[in-house]
Amino acid sequence: MANRQEELTIEEIQDRMAEGKLSSRELVLMYFERIAAYNRQGPSINAVLEINPDALHIAEALDLERELHGPRGQLHGIPVLLKDNIDTGDKLHTSAGSLALAESYAAKDSFVAEKLREAGAILLGKTNLTEWANFMAADMPNGFSSRGGQVLNPYGPGEFDVGGSSSGSGAAVAANFTVVAIGTETSGSILSPSSENSIVGIKPTVGLISRTGIIPISHSQDTAGPMARTVQDAATLLTALTGEDKSDPATFTRKGQTHRDYTEFLDENGLKEARIGVVRKGFLDDLELPQQKLMEAAIEKMTEKGAEMVDPIHIPTANEEWDLNVLIHEFKAGLNAYLKGLEPGFPRSLKEVIEYNLDHAESALKYGQSILLTSEAT
């Protein structure tokens, strides 16, 4: 069992709550204290944009519900932070880190937020991110947004890359500002910050989790996903997020492919007889020596666990030139559709976002908006 309360797993928290040794209220207060001490003060990790003013009341209500009726499931009373491009129909803003949407409140919950509430999770607050999910400017650093400023990596604030674009979610989990968090990914935005912050991230197949109520980049690639300290916590969170959504046809393409409980697949012997390819050219050989040593140790450990390592393998497309063409062409239509659903007074199109940024260039365009301009030109 973890020695420190802020690093307990979901299962350990549930055990302590069942024994009456911990309450959701106490858990929320602990995270509030940590966020107050380290988010904008001390190392100033800057991972959390805002906290839910109702979080404590929600925790108390869930504690009472547990006492009267028992827990709804493994996420009952568990604090969760959400990336600030995921709609919540409460007192939290949804801005994608943009000053143009800094005061925007979503009219209703995203499907992701709705599923979390149904599971009994506490929406603790919103996390900072790379602005517009890292789809604004080519030179924008990972973890920077005009609204929230720069997210730092807890393992080396200002020294180590925090990853993008779900930077705040990754750093918040690593800094123990929450039990688990939700990120979103189009191309690396969960996997990158999870790697940089030494946590577990899962990028689900598109359609496994509904895209409804998430500020989009690419309808063919966007997905939300869990970010956690352990594989088991990530699997528990994934279980709560999946499901069919009548507003998102992609969720019906996964019919028969989803599972009620992804923790069932946690198997200590899962690597036995698995075949795993090792990409050396263009990947492992390009890493710095300390990173190579870590990778070689991982390969050795997987071999010990029974995996067959195919070493090396060649991926013909690995060195092809990568571009943003699909994202560029899908972003404008998707964003315009999202913005049309906002309250009057906010930009209603990508063009109006660009115009807002130009009118507030000193605060909104520190790194420019080259990608927004390229997408608008389609």
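L81 has G125 of β3 as its bridge partner; helices (H or I, at least four residues) and strands (E, at least two) are DSSP runs numbered from the N terminus. Between β2 and β3 the chain passes through α4, and this β-α-β crossover is right-handed, a term that applies if, with the strands pointing away from the viewer, the path from the first strand over the helix to the second runs clockwise. The model is predicted: local features need pLDDT of at least 70 and side-chain atom pairs count only at pLDDT 80 or more, while totals for chains, interfaces and linings use all residues. Residues are numbered from 1 along each chain as its sequence is written, and side-chain values use heavy atoms, with hydrogens and water left out.

β2 and β3 run parallel and are joined by five bridges; two strands pair if DSSP finds at least two bridges between them. Strand β1 (residues 48–51) runs antiparallel to β3, with three bridges, and here I51 has G125 as its partner in β3. Six of the six residues of β3 (residues 122–127) are buried, that is, under 20% relative accessible area, with exposed over 50% and partly exposed in between (1.4 Å probe, protein chains only).

The loop between α3 (55–69) and β2 (79–83) contains H76. H76 counts as buried because its relative accessibility is 0%. Its side chain reaches the backbone nitrogen of R72 at 3.0 Å. Beyond its neighbours within four places in sequence, H76 is in contact (heavy atoms within 4.5 Å) with residues including Q14, M17, L62, E65 and A119.

Helix α8 (residues 231–241) is mostly covered, with eight of its eleven residues buried. Among them are D233, T236, L237 and L241. The cover over the buried residues of α8 includes α1 (10–18), α4 (111–118), β6 (180–185), β7 (200–201) and β8 (223–228). After α8 comes G243, with a positive phi near 150°.

The largest pocket holds about 770 Å³ of space. Of the 40 residues that line the largest pocket, R211, T212, G213, I214 and Y338 are the closest to its centre. On a 1 Å grid over the protein atoms alone, a pocket is an open set of points where a 1.4 Å probe fits, with protein on both sides within 12 Å along at least five of seven lines; lining residues have an atom within 4 Å of a point. Grid points are joined across faces, edges and corners, and the volume is the space filled by probe spheres set on the points. At least two lining residues come from each of α4, β6, β8 and α10 (325–339), and α10 gives the most, with four.

Conventions: A polar contact is a pair of N or O atoms within 3.5 Å; within protein, one must be able to donate a hydrogen and the other to accept it, and residues adjacent in sequence count only if both atoms are side-chain atoms.
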